[in-house]
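Please keep the model open beside them.

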Amino acid sequence: MGISQSVPAYDSQSKEYEQAFEVFLKNTNQKRNMHQWLQKVVEKLPAKQVFIDAGAGDGEVTRWFTPLFQKTIAIEPNPFLREKLHSAIPEATIIDKTIMEADPQATADLVLCSHILYYIDKNQWLQNLEKLVSWLSPSGSVIIVLQNPNTDCMNLLEHFINQRFDLSQVAEQFAKKHGENYEINLCCDGAQIEAPDFSSALTISIFMLNLLPMPHPLSETELEYYISSHFLKEDHIYRFSCNQDFLQIRKK
C-alpha cells in the first residue's frame with residue numbers, strides 16, 4: 001500500500017492558489033448569485049456618492065459597482081492583489097492597509113466586505129465590523145458576505161479542521177452592543193458547486209480547506225474518500241452547497 005500524500009497548503013499569493021480559485025469560480029454560481037443580491041441593495045440606496053470595498057482583492061467585485069458611484073475606495077493590504085486591483089479599476093482610491101488600519105476619510109453609501117472574514121481572527125470580527133460601520137453615511141448600508149455555516153463546504157472544514165464560520169455570532173454581538181442605533185438583518189441566499197469530474201471536485205475541496213491554516217497534515221486519500229462519499233451524485237456530477245449569508249447594517 002502506498003503512502004498517502006498530504007493535502008497541499010497554498011500561499012494566498014501563489015499560482016496554485018490562483019488556479020484553484022479559478023476552478024472554484026468556473027464551477028459555482030456563488031459569485032453570480034452574490035452579484036444579483038447586491039445589485040438589488042444598490043438599486044434601493046437613497047444616494048450613491050461613495051462606495052468602499054473593504055478587502056477588494058483583485059477588483060472583480062469592486063468593478064461591478066464602481067460605475068454606479070461617484071467615488072470608489074478600495075481597501076486591500078495584499079501587494080500582489082493590489083497590482084491587479086489598480087489595473088482593473090485605475091480610477092479607484094486604493095488604501096494599502098487592513099480594515100483596522102485604514103482611514104478612508106469619507107463616509108460611504110455602501111460599505112462592502114465580501115468573503116474576507118475567513119482571513120481575520122474570529123476574536124477580531126466585532127472590532128472589524130464596528131470599524132466598517134463607522135464609515136457609514138446617514139443613509140448607507142454595510143454588507144458583510146460570508147459562506148453560511150451549514151453548507152457542504154463548511155461541513156468539509158468541520159470534518160477535517162474542526163472549524164466553521166458563522167456570521168450570525170458577530171451579528172448577535174453587534175446587536176447586543178449597538179442594536180438601539182442600527183437595523184441589523186441577516187439572510188441566506190442559495191449557491192452550489194457543480195464539478196463535472198473528480199479532479200475539479202478535489203481542487204475545489206483543497207481550495208476550501210485552505211481558507212484556514214491546517215493544524216496538521218491532512219491525508220489526500222481521506223479527502224478523496226470524503227468527496228466521493230459526500231459530493232458524488234447519481235448523475236455523476238459532484239455537487240456541494242456553498243450558500244452565502246448576507247449581513248446588512250443600517251443606521252436607524
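1. **Ground rules.** This is a predicted model, in which local features need pLDDT of at least 70 and side-chain atom pairs count only at pLDDT 80 or more, while totals for chains, interfaces and linings use all residues. Residues are numbered from 1 along each chain as its sequence is written, and side-chain values use heavy atoms, with hydrogens and water left out.

2. **Overall build.** The chain has nine helices and nine strands; helices (H or I, at least four residues) and strands (E, at least two) are DSSP runs, numbered from the N terminus. Its radius of gyration is 19 Å, close to the 18 Å that the globule rule gives for 252 residues, so the chain is as compact as a globular protein of that length. That radius is taken over C-alpha atoms, and the rule is 2.2 Å times the number of residues to the power 0.38. Along the principal axes, the C-alpha atoms fill a box of roughly 65 × 40 × 35 Å.

3. **Burial and contacts.** Of the 252 residues in the chain, 50% are buried (buried means under 20% relative accessible area, exposed over 50%, partly exposed in between, with a 1.4 Å probe and protein chains only). Among contacts between residues at least 6 apart in sequence, 73% join residues at least 24 apart, where contact means heavy atoms within 4.5 Å.

4. **The largest pocket.** Its volume is about 1,100 Å³. On a 1 Å grid over the protein atoms alone, a pocket is an open set of points with protein on both sides within 12 Å along at least five of seven lines, a cavity is a set where a 1.4 Å probe fits but cannot get out, and lining residues have an atom within 4 Å of a point. Grid points are joined across faces, edges and corners, and a volume is the space filled by probe spheres set on the points. Of the 43 residues that line this pocket, G57, L81, H115, I116 and Y119 are the closest to its centre. The elements giving two or more residues to the lining are α1, α2 (30-44), α3, α4 and α8 (198-209), and α1 has the largest share, with six. By class, the lining has 20 nonpolar, 14 polar and nine charged residues. For these classes, Ala, Val, Leu, Ile, Met, Phe, Trp, Tyr, Cys and Pro count as nonpolar, Asp, Glu, Lys and Arg as charged, and the others, Gly among them, as polar.

5. **The second largest pocket.** This one has a volume of about 220 Å³. Of its 13 lining residues, V41, K44, S141, Q248 and R250 are the closest to the centre, and α2, β5 and β9 each give two or more residues. The lining divides into five nonpolar, four polar and four charged residues.

6. **The cavity and α5.** Which element gives the largest share of the cavity lining? The structure holds one cavity of 30 Å³ or more, with a volume of about 50 Å³, and α5 supplies four of its lining residues, the largest share. The lining includes W125, N128, L129 and L132, and it is made up of ten nonpolar residues, one polar and no charged. Helix α5 is mostly covered, with seven of its nine residues buried. What covers those buried residues includes β1 (50-54), β4 (108-114), α7 and β6 (182-189).

7. **T62.** This residue, in helix α3 (residues 60-65), is buried, with a relative accessible area of 0%. Its side chain makes a polar contact of 2.6 Å with that of D53 (a pair of N or O atoms within 3.5 Å; within protein, one must be able to donate a hydrogen and the other to accept it, and residues adjacent in sequence count only if both atoms are side-chain atoms). Leaving out residues up to four places away in sequence, T62 touches F51, D53, A56, T72, L85 and I89.

8. **Two lysines.** K84, in helix α4 (residues 79-88), is partly exposed at 31% relative accessibility. A polar contact of 2.7 Å joins its side chain to that of E18. K84 and D58 are 26 residues apart in sequence and 5.0 Å apart in space, C-alpha to C-alpha. K26, in helix α1 (residues 15-26), is exposed, with a relative accessible area of 72%. K26 and S200 are 174 residues apart in sequence but 9.7 Å apart in space, C-alpha to C-alpha.
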